[in-house]
Amino acid sequence: MNKKDVLQRIKDVGVVAVIRANTADEAEKISKAVLDGGIPAIELTFTVPGALSVLEALNKTFKPEELILGAGTVLDAVTARLAILAGATYIVSPGFDHETAEICNLYGVPYMPGCLTITEMLNAQKAGAQIVKLFPGSAFGPSYVKAVRGPLPDIQIMPTGGVSLANVKEWIKNGVVAVGVGGELTAPAKTGDYEGVTKNAVAFVEAVKAARK
């Protein structure tokens, strides 16, 4: 998949599953559960033990048309490169790093840096980021997106942190192109309830579709 296709597929589904886990096995099971629930976009964070091995395993297990595999909590260019070589088709960071942007541009891979202020968003855009990750989204909430899109009507924002089934409609209505969801989606996995993760995934996909109508 090229950069344009990856971004479009993420925007089409509107939800990125942020996966944090204590073991590689747990991460793989959560990934399978969200895929079963209709979310093909997965952001596997580098807080997961053996994250590179998990990326490689997921890349081998699922076909590109099934899984849009991304790496999250990527803090530097070296980690970004390793993630890309392990199969990540997009890179997500909690903050903006210019060297990481450069390596992603070199490999033709989308970079979604965490930004909070308009200045940070503009700097990220200048470095080639086509979607900026509003993080932490809980700091200001959905209304902040509408305020940002006043002076920057074409900005493409994906909030992560503070997104729930109760407010996902509001986020979409205020103009985000997708939402990143972690604990609100994957919490049942803590007790081994992967069917619960799948049900949550279905609910988030349906909520985004309803909000877009």
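Both faces of strand β1 are covered: Val 15, Ala 17 and Ile 19 are buried on one side, and Val 16 and Val 18 are buried on the other. The model is a predicted one. In a regular strand, side chains alternate between the two faces of the sheet. For β1, which spans residues 15-19, the count of buried residues is 5 of 5.

**The six-strand sheet**

β1 belongs to an open sheet of 6 strands, in the order β5-β4-β3-β2-β1-β9, and the pairing is parallel. The edge strands are β5 and β9 (179-181), each of which pairs on one side only. On one flank, β1 is joined to β9 by 3 bridges, and Val 15 stands opposite Val 179 of β9. On the other flank, 3 bridges join β1 to β2, where Ile 19 stands opposite Leu 44.

**The three-strand sheet**

A second open sheet has 3 strands in the order β6-β7-β8, again with parallel pairing. β6 (114-115) and β8 (157-159) are at its edges and have a single partner strand each, so one side of each lacks a neighbour in the sheet. Two parallel strands, β6 and β7 (residues 132-134), are joined by 2 bridges, with Gly 114 opposite Lys 133 of β7.

| Strand pair | Bridges | Direction |
|---|---|---|
| β1 and β9 | 3 bridges | parallel |
| β1 and β2 | 3 bridges | parallel |
| β6 and β7 | 2 bridges | parallel |

Helix α3 (residues 51-61) lies across β2 and β3 and runs at about 175° to β3. The buried residues of α3 are Ala 51, Val 54, Leu 55 and Leu 58. Viewed down the axis of α3, these residues fall within an arc of 100°, so they line one face of the helix. An α-helix has 3.6 residues a turn, so residues three or four places apart point the same way. The buried residues of α3 pack against α2 (24-36), β2 (41-45), β3 (68-72) and α4.

The axes of α2 and α3 are 10 Å apart, and the two helices pack at an angle of about 40°. The crossing of α2 past α3 is right-handed. From α2, the residues Ala 24, Ala 27, Glu 28 and Ser 31 meet Val 54, Ala 57 and Leu 58 of α3. By class, this contact has 5 nonpolar, 1 polar and 1 charged residues. Val 54 and Leu 58 of α3 meet α2 and are also among the buried residues of α3.

**Helix α5**

In helix α5 (residues 98-107), the buried residues include Thr 100, Ala 101, Ile 103 and Cys 104. These four cover an arc of only 165° around the axis, which puts them on the same side of α5. Glu 99 and Leu 106 are exposed on the other side of α5. The packing partners of the buried residues of α5 are α4 (77-85), β4 (90-92) and β5 (111-112). After α5 comes Gly 108, with a positive phi near 70°.

How values were computed. Residues are numbered from 1 along each chain as its sequence is written. This is a predicted model: local features need pLDDT of at least 70, side-chain atom pairs count only at pLDDT 80 or more; totals for chains, interfaces and linings use all residues. Side-chain values use heavy atoms; hydrogens and water are left out. Buried means under 20% relative accessible area, exposed over 50%, partly exposed in between (1.4 Å probe, protein chains only). The arc is that of the directions from the helix axis to the C-beta atoms. Contact means heavy atoms within 4.5 Å. Two strands pair if DSSP finds at least two bridges between them. Axes are lines fitted to C-alpha atoms, for helices over the stretch in contact, and angles run from 0 to 180 degrees between N-to-C directions. A crossing is left-handed if the near helix is turned anticlockwise from the far one by less than a right angle, and right-handed if clockwise. Ala, Val, Leu, Ile, Met, Phe, Trp, Tyr, Cys and Pro count as nonpolar, Asp, Glu, Lys and Arg as charged, and the others, Gly among them, as polar.
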